[in-house]
Amino acid sequence: MYEIACPHCGPRAQTEFTYERTVDAVVDPAADAHTAMQALFTRANPMGLDEEIWRHTYGCRAWMVLTRHRVTHVIEAVKAIGPEALA
Amino acid sequence: MKTPYSAFSLLRGALNGQKHWQPAWRDPEPRSSYDVIIIGGGGHGLATAYYLAKVHGITNVAVLEKSWIGGGNTGRNTTLVRSNYRLPQLHNLFEFGLKLWHGMSDELNYNVMFSPRGAMFLGHNDGDMIKLAERGDAMRCDGIDAELLSPKQIAKLEPLLDLSRGARFPIDGALIQWRAGTARHDAVAWGYARAADALGVDIIQKCEVTGFVRDGNRITGVETTRGRILGGRTGICVAGHSGQVAGLAGLKLPIESQTLQALVTEGVKPMVQSVVMSQSLHCYISQSDKGGIVMGGDPDNWPSYARRGQPTVVEGAIAQAVSIMPALSRLRMLRTWSGVTDMSFDGAPIIGPTPIDGLYLNGGWCYGGFKATPASGWTYAHTLATGKAHELNAPFSLERFMTGATIDETAVGPMPNHR
């Protein structure tokens with residue numbers, strides 16, 4: 001287990017967070033069927049850094065993007081997303 | 001041909017200090033080309049090689065393994081073998097495998113210690129029992145054994161389960177598959193390796209695939225740490241790292257890699273007779289032949305290749321196991337370990353051709369590949385020998401995700417982390 005620095009709450013235990021999907025797996029509403037299916041059903045799944053969407057589910061419930069290494073588990077960056085990030 | 005293992009050869013060996021033992025398989029240098037190259041020397045890859053040689057007569061086959069055979073998920077699972085799935089595509093595939101498990105030690109002349117001791121799913125409420133009855137009916141329609149047990153019958157088989165009404169998770173019944181059980185995981189890899197080697201298959205260890213040799217839209221071989229090896233057909237069989245190897249060919253798969261953990265306690269006298277599982281909770285308990293209680297639970301639910309898991313997940317599995325079988329709380333944990341699983345986007349495996357000619361894929365086994373070892377090998381061998389899917393693996397094509405024909409036993413959709 002490790003800590004995730006929530007942009008709103010500060011460092012919290014990873015168990016408070018849930019993983020959703022990678023950034024490239026977000027389906028663009030304007031995408032054609034093939035592109036949408038590719039986004040829904042395929043992943044680069046790299047053995048290294050990837051951009052992942054996580055949620056502070058058992059905390060402030062905000063969404064964020066983690067740049068996280070999938071072997072070392074080192075989190076290089078946490079970025080707030082959604083209306084909170086724009087405010 | 002090697003001398004078969006037998007009680008007689010063991011006795012004869014006793015008279016000359018057991019000096020007759022030989023390596024169970026050769027350690028050949030890779031040749032420049034093969035009819036079929038199998039990437040991955042786990043149970044599935046070795047079984048594929050064996051059935052290619054045995055059933056299809058194709059013996060010019062190489063199995064390339066980056067470390068040592070059976071050192072990946074074949075050596076990291078909880079050794080459960082069963083075919084009690086609800087969906088026909090799944091239970092027909094696993095049942096075909098279960099039949100092969102029952103004859104495997106004889107077939108391979110290698111004791112895989114298959115122990116059909118029965119595997120039960122517990123039901124904790126009316127909803128569970130309806131689901132279990134429906135699953136049992138679906139299995140019996142396809143000729144697979146399934147029997148509903150009352151709490152009284154369960155108490156006879158597993159007296160240490162907490163069957164009281166005050167239990168944290170009351171037990172209302174169970175669905176048991178008597179022909180299911182456990183096997184010795186390493187022996188499965190070694191047995192297939194020895195039998196495939198005897199038929200002429202080259203098992204090449206410490207040989208990592210680093211790239212593919214490509215001619216237009218056709219794969220004609222692989223680049224490895226031990227040089228270029230050409231192949232007529234190339235099969236990827238590296239579940240846990242399918243995305244990595246397929247990525248070398250430019251393919252993006254419906255797979256995300258996650259960690260799955262298991263643990264074992266100190267060895268004790270027999271206390272768990274069958275395999276006890278709860279899908280409503282998600283823990284599974286069995287006792288190894290050495291006496292250790294082997295337990296497992298959920299995957300870690302986020303992508304990782306680290307082969308080390310989050311302690312809270314193991315803690316959760318233990319808490320569940322202790323709540324249904326309180327006597328387990330007295331045992332000391334010996335060790336935990338984890339493996340990298342290919343979580344596919346419908347929970348079912350992928351066995352079949354890829355969009356690239358000459359390249360085939362066997363992966364996406366999620367947290368349940370060990371039990372499928374013989375069925376996976378059999379159907380993949382058929383696919384690699386003929387270029388077409390066997391009727392058992394035809395539903396498990398890579399295209400199914402794009403056509404909507406997914407095989408989603410748990411019905412959670414394209415979210416491997418919610419499975």
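How many Å separate the centres of domain 1 of chain B and domain 2 of chain B, taken over C-alpha atoms? The separation is 29 Å.

The structure is a predicted model, in which local features need pLDDT of at least 70, side-chain atom pairs count only at pLDDT 80 or more, and totals for chains, interfaces and linings use all residues. Residues are numbered from 1 along each chain as its sequence is written, while chains are lettered from A and ligands numbered from 1 in the order in which they are written.

Domain 1 of chain B covers 31–80 + 185–255 + 346–418, and domain 2 covers 120–179 + 256–338. These bounds come from an automatic or database domain assignment. The contact between them takes nine residues from domain 1 of chain B and 14 residues from domain 2 of chain B. Two residues are in contact if their C-beta atoms, placed from the backbone, lie within 7 Å. On the domain 1 side, four residues are nonpolar, four are polar and one is charged. Here Ala, Val, Leu, Ile, Met, Phe, Trp, Tyr, Cys and Pro count as nonpolar; Asp, Glu, Lys and Arg count as charged; the others, Gly among them, count as polar.

The largest nonpolar core has 114 residues. Such a core is a set of buried Ala, Val, Leu, Ile, Met, Phe, Trp, Tyr and Cys residues joined through C-beta atoms within 7 Å. A residue is buried if 20 or more other C-beta atoms, placed from the backbone, lie within 10 Å of its own. Met120(B) and Met295(B) touch the most other members. Helix α7 (residues 185–198) of chain B gives the largest share, eight residues. Each of domain 1 and domain 2 of chain B supplies at least three residues to this core. Beyond its neighbours within four places in sequence, Met120(B) contacts residues including Leu149(B), Ile176(B) and Val276(B). Another core, of eight residues, lies apart; Phe17(A), Trp54(A), Met64(A) and Leu66(A) are among them.

Chain A has two helices and six strands. Helices (H or I, at least four residues) and strands (E, at least two) are DSSP runs, numbered from the N terminus. Their order is β-β-β-α-β-β-β-α. The C-alpha trace of chain A spans about 40 × 35 × 20 Å along its principal axes. Of its 87 residues, 17% are buried.

Between the chains, 22 residues of chain B are in contact with 14 residues of chain A. On chain B, α8, β12, β15, α9 and α11 each supply at least two residues of this side. That side has 12 nonpolar, eight polar and two charged residues.

How values were computed:
Buried ≥ 20, exposed ≤ 12 C-beta atoms within 10 Å, placed from the backbone.
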